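Let's take a quick walk through this chain. Have the viewer open as you read.

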Amino acid sequence: RVDAWIQHQGLAPIDEMFFVLEPVQLKNPAHIQALVGQISLRNKQPVLLVFDTLARCFVDGEENSAKDVGVLVHQAGLLQQETRASVLIVHHTGREGGHERGSTALGGAADVMISQTIANGIITLRNTKQKDAEEFARMTLQLHQVQLQMSESLTSCVVLPADAPADADQGGGDLNVGQRRLL
């Protein structure tokens, strides 16, 4: 996806970006310090650290436990302080899609929460929590396939703004999946 984005945007390779392919366990201080060490070795100042997903990066914790989530929030805060970067944790909602899974301590500690839904090929982002600023307006996006120049057989996707009608998400607004189905 990174190669597709760079190619689509006509950019030079991005040296400042790197990926840790093994999940960093957010509740484990040794994992956090190892990540800080990897960042220090690159001699770059990060601006964003993405943990995708909470389920993969919290296997040593119980997402329903306010105590365990409190440790995760504390560790993420220490990571922010040490790196001066924002921390983004990708997390899933429950089956019905209404709220994030697990302890409400995670949402309570978040500065920003963004909900993503997809319907009819349109990805809709909504700002559901915004601390210390105005919530941003709903955004609609769409995946576009890109043929990678490095190989005739490789394709990937880029996310681009979509010209979507106001009811692109089937008028679901803040309804969960079950409520949309009923409607």
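## What you're looking at

This is a predicted model, where local features need pLDDT of at least 70 and side-chain atom pairs count only at pLDDT 80 or more, while totals for chains, interfaces and linings use all residues. Residues are numbered from 1 along each chain as its sequence is written, and side-chain values use heavy atoms, leaving out hydrogens and water.

The chain has five helices and six strands (DSSP runs numbered from the N terminus: H or I of at least four residues for helices, E of at least two for strands). Along the sequence the pattern reads α-α-β-α-β-α-β-β-β-β-α. Of the 183 residues, 29% are buried (under 20% relative accessible area with a 1.4 Å probe, protein chains only; exposed is over 50%, partly exposed in between).

## The sheet

Four strands make an open antiparallel sheet, ordered E3-E4-E5-E6 (strands pair if DSSP finds at least two bridges between them). Its edges are E3 (112–119) and E6 (155–161), each pairing on one side only. On average, neighbouring strands are turned by 30° against each other, direction ignored (axes are lines fitted to C-alpha atoms, for helices over the stretch in contact; angles run from 0 to 180 degrees between N-to-C directions).

Helix H1 (residues 2–9) packs on this sheet and touches E5 and E6, its direction making about 60° with that of E6 (contact means heavy atoms within 4.5 Å). E5 (residues 139–147) and E6 pair over seven bridges, and Gln-147 has Thr-155 in E6 as its bridge partner.

## The cores

The largest nonpolar core holds 18 residues, and Leu-26, Leu-49, Phe-51 and Leu-79 have the most contacts inside it (a core is a set of buried Ala, Val, Leu, Ile, Met, Phe, Trp, Tyr and Cys residues joined through side-chain atoms within 4.5 Å). H2 (29–41), E1 (48–52) and H3 (66–83) each supply at least two of its residues. Apart from it lies another core of five residues, including Ala-4, Val-146 and Leu-160.

## A closer look at Thr-83

Is Thr-83 buried or exposed? Thr-83, found in H3, is buried, with a relative accessible area of 5%. Leaving aside neighbours within four places in sequence, Thr-83 contacts Val-36, Ile-39, Gln-45, Pro-46 and Leu-49. A polar atom of its side chain lies 2.7 Å from the backbone oxygen of Leu-79.

Note on methods:
Polar contact = N/O pair within 3.5 Å; in protein donor to acceptor, adjacent residues only side chain to side chain.
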